Amino acid sequence: ALKLFKLLHRTRQEVFKNDTRALEAARQKINEEFKNNQNETSEEKINELLKMASDVEVILRTSVIQAVHTDSDKI
């Protein structure tokens, strides 16, 4: 779980680079989700949560696009 937690934070830093608001929001959400489930004892539920976190990491890495506004009519 710790390895996945760290991986999510590294992915967050890459995906939302130079976007302080998105970096902070993602940091808070990752920390909140792991904290809310830290006392989970059901192995089935833990595996489900780890799978979801892994899926989220893949989606962040492969599907999120950061655009940069360069001019009034260009991105």
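Relative accessible area, computed with a 1.4 Å probe on protein chains only, sorts residues into buried (under 20%), exposed (over 50%) and partly exposed (in between). By this scheme Arg 61, at 47% relative accessibility, counts as partly exposed.

The model is a predicted one, in which local features need pLDDT of at least 70 and side-chain atom pairs count only at pLDDT 80 or more, while totals for chains, interfaces and linings use all residues. Residues are numbered from 1 along each chain as its sequence is written, and side-chain values use heavy atoms, with hydrogens and water left out.

## Helix packing

Helices are DSSP runs (H or I, at least four residues), numbered from the N terminus, and strands are runs of E with at least two residues. Two packed helices are described by the angle between their axes and the distance between the axes. Axes here are lines fitted to C-alpha atoms, for helices over the stretch in contact, and the angles run from 0 to 180 degrees between N-to-C directions. Angles under 35 degrees count as roughly parallel, those over 145 as roughly antiparallel, those from 65 to 115 as roughly perpendicular, and the rest as oblique.

Helix H1 covers residues 2-15 and helix H2 residues 20-36; their axes come within 10 Å and cross at roughly 170 degrees. H1 and H2 are therefore roughly antiparallel to each other. On the H1 side the contact (heavy atoms within 4.5 Å) is made by Leu 4, Phe 5, Leu 8, His 9, Arg 12 and Gln 13, and on the H2 side by Leu 23, Ala 26, Arg 27, Ile 30, Asn 31 and Phe 34. Sorted by class, this contact of H1 with H2 has seven nonpolar, three polar and two charged residues, where Ala, Val, Leu, Ile, Met, Phe, Trp, Tyr, Cys and Pro count as nonpolar, Asp, Glu, Lys and Arg as charged, and the others, Gly among them, as polar.

The axes of H1 and H3 also come within 10 Å, and they cross at roughly 20 degrees, so H1 and H3 are roughly parallel to each other. H1 passes H3 in a left-handed crossing, a term that applies if the near helix is turned anticlockwise from the far one by less than a right angle, with right-handed used if the turn is clockwise. Leu 4, Leu 7, Leu 8, Thr 11 and Val 15 of H1 make this contact with Leu 50, Ala 53, Ser 54, Val 56, Glu 57, Leu 60 and Arg 61 of H3. The residues in the contact of H1 with H3 divide into eight nonpolar, two polar and two charged.

Thr 11, which lies in helix H1, is buried, with a relative accessible area of 3%. Leaving aside its neighbours within four places in sequence, Thr 11 is in contact with Glu 57, Leu 60 and Arg 61.

## Salt bridges

A salt bridge is a side-chain nitrogen of Lys or Arg within 4 Å of a carboxyl oxygen of Asp or Glu. A search of the whole structure finds four of them, including those in the table.

| Salt bridge | N to O distance |
|---|---|
| Arg 27 and Glu 24 | 2.6 Å |
| Lys 29 and Glu 33 | 3.0 Å |
| Arg 61 and Glu 57 | 2.8 Å |

Arg 27 and Glu 24 are three residues apart in helix H2 and so are separated by about one helical turn; Arg 27 is partly exposed at 31% relative accessibility, and Glu 24 is partly exposed at 33%. Glu 33 and Lys 29 both lie in helix H2 as well, four residues apart, about one turn of the helix, with Glu 33 partly exposed at 34% and Lys 29 partly exposed at 43%. In helix H3 (residues 43-63), Arg 61 and Glu 57 are four residues apart, and are therefore separated by about one helical turn. Within this pair, Glu 57 is buried, with a relative accessible area of 4%, whereas Arg 61 is partly exposed.

## Loops and distances

Asn 18 is found in the loop between H1 and H2 and, at 74% relative accessibility, counts as exposed. Most residues other than glycine have a negative phi. Phi of Asn 18, however, is near 70 degrees, a positive value in a residue other than glycine.

Asn 39, in the loop between H2 and H3, is exposed at 65% relative accessibility. Asn 39 and Thr 70 are 31 residues apart in sequence and 46 Å apart in space, C-alpha to C-alpha. Lys 3, found in helix H1, is exposed at 71% relative accessibility, and Lys 3 and Thr 62, 59 residues apart in sequence, are 19 Å apart in space, C-alpha to C-alpha.
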